[in-house]
Structure formats: C-alpha cells, structure tokens
Amino acid sequence: MGRKWDSVQKTEPTKSIGWRDTMRDIGIDVKPPAGEWDGDENCPFNGSLRVRGQLFEGIVSSIGMAKSIIVELQKVRYMPKYERYEKRTSRIPAHLPSCIGDLSVGDRVKIMECRPISKTVSFCVVEGGDSQ
C-alpha cells in the first residue's frame, strides 16, 4: 500500500530549503498563484493548510483585515407563494494567502472551505484577481 502523500505532485526541490520551496497540488482545477510565499503555514499551495468541502465564487467587498478579506456571494431564490425571485447576499470572511497577491474591492475570487483559522474565518482564497 502506498504512502498517503504519493498522490501529491511536487516539483524538484532546490538545495537551499528542500521541499518547502515547492508548490503542491491542492486537488481542484485552479490557476497556480504567481506570487511569492512569505512562510505562512495557512497557505493551501505552499503551507500545510488542507482545503475541502464547498467551493464558492464571489466578489471582494472588504479588505480591511490583516491577511483576510470579506467575500460577498449573490444568490437568487424563487418564492413560490409570490411567483417571484428574490436576491440574497451572504458575506463570508476568508483567509488571503500572500502568494495570491494583492486584491482590491470588486475583484472576483474563488474561495474554498478549510479548517477554522480563527473565530470567524473558515474559508481560504484559492484563486483571485479578476476584476469585474
């Protein structure tokens, strides 16, 4: 039986750091980030954070916190009694790894569920930077 990490695809390590300077496959089809890693362990690509569960696509509405952002999700719900549709908005705090890069309000990002990083943050940005 193979080891647990046999399915993880990594590039060859350099002599300076070893495997810590390589990017790992997180298991979903997203563009790999182009930014540099600052040593943050809560990074799904370079650190040890595992992502699993739900994957959402939303718009950045606030960037006021350190290493975290607020993402707004727009949903449309049908009301059978009135035969109309209503809009609903969810605001989800998400961790922003340094390798994703700088984001601004209005950018479209993909977030994915992870373990709780803080009291309110249980999602992590896995792809971002597309302006709307």
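Predicted model: local features only at pLDDT ≥ 70, side-chain atom pairs only at ≥ 80, totals over all residues.

Student: How many helices and strands does the protein chain have?

Tutor: The protein chain has 0 helices and 5 strands.

Student: What share of the residues in the protein chain is buried?

Tutor: Buried means under 20% relative accessible area. In the protein chain, 33% of the 132 residues are buried.

Student: Which residues touch the most other members of the largest nonpolar core?

Tutor: A nonpolar core joins buried residues of the nonpolar kinds through side-chain atoms within 4.5 Å. The largest one here has 24 residues, and Phe45, Ile69, Ile111 and Val125 touch the most other members. Two or more residues come to this core from each of β1 (51–65), β2 (68–79), β3, β4 (107–114) and β5 (123–131).

Student: With which residues is isoleucine 69 in contact, leaving aside neighbours within four places in sequence?

Tutor: Contact means heavy atoms within 4.5 Å. The partners of isoleucine 69 beyond those neighbours are Val60, Ser62, Ile63, Ile92, Pro93, Ala94, Leu96, Leu103 and Val125. For the protein chain, among contacts between residues at least 6 apart in sequence, 53% join residues at least 24 apart.

Student: Let us turn to the surface. Is tyrosine 85 buried or exposed, and where is its place?

Tutor: Tyrosine 85 lies in strand β3, residues 84–95. Tyrosine 85 counts as exposed because its relative accessibility is 62%, and exposed means over 50%. Together with Val76 and Tyr78, Tyr85 makes a nonpolar surface patch of about 380 Å².

Student: Why does glutamate 86 count as partly exposed?

Tutor: Partly exposed is the class between buried and exposed. Glutamate 86, also in strand β3, counts as partly exposed because its relative accessibility is 25%.

Student: What is in contact with glutamate 86, leaving aside neighbours within four places in sequence?

Tutor: Lys75, Val76, Arg77 and Met79 are in contact with glutamate 86 on that basis. Of these, valine 76 is 10 residues from glutamate 86 in sequence, and the C-alpha to C-alpha distance between the two is 5.7 Å. The side chain of glutamate 86 is also joined to that of arginine 88 by a polar contact of 3.0 Å.

Notes
Residues numbered from 1 in each chain as written. Heavy atoms only, no water. Patch = residues over 30% accessible without salt bridge, like charges linked within 9 Å, V, L, I, M, F, W, Y side chains within 5 Å. Areas by Shrake-Rupley, 256 points an atom, 1.4 Å probe, with all protein chains shown as cover. Salt bridge = Lys/Arg side-chain N within 4 Å of Asp/Glu carboxyl O. Helix = DSSP H or I, 4+ residues; strand = E, 2+ residues; numbered from the N terminus. Buried < 20%, exposed > 50% of the residue type's maximum accessible area, 1.4 Å probe, protein only. Polar contact = N/O pair within 3.5 Å; in protein donor to acceptor, adjacent residues only side chain to side chain.
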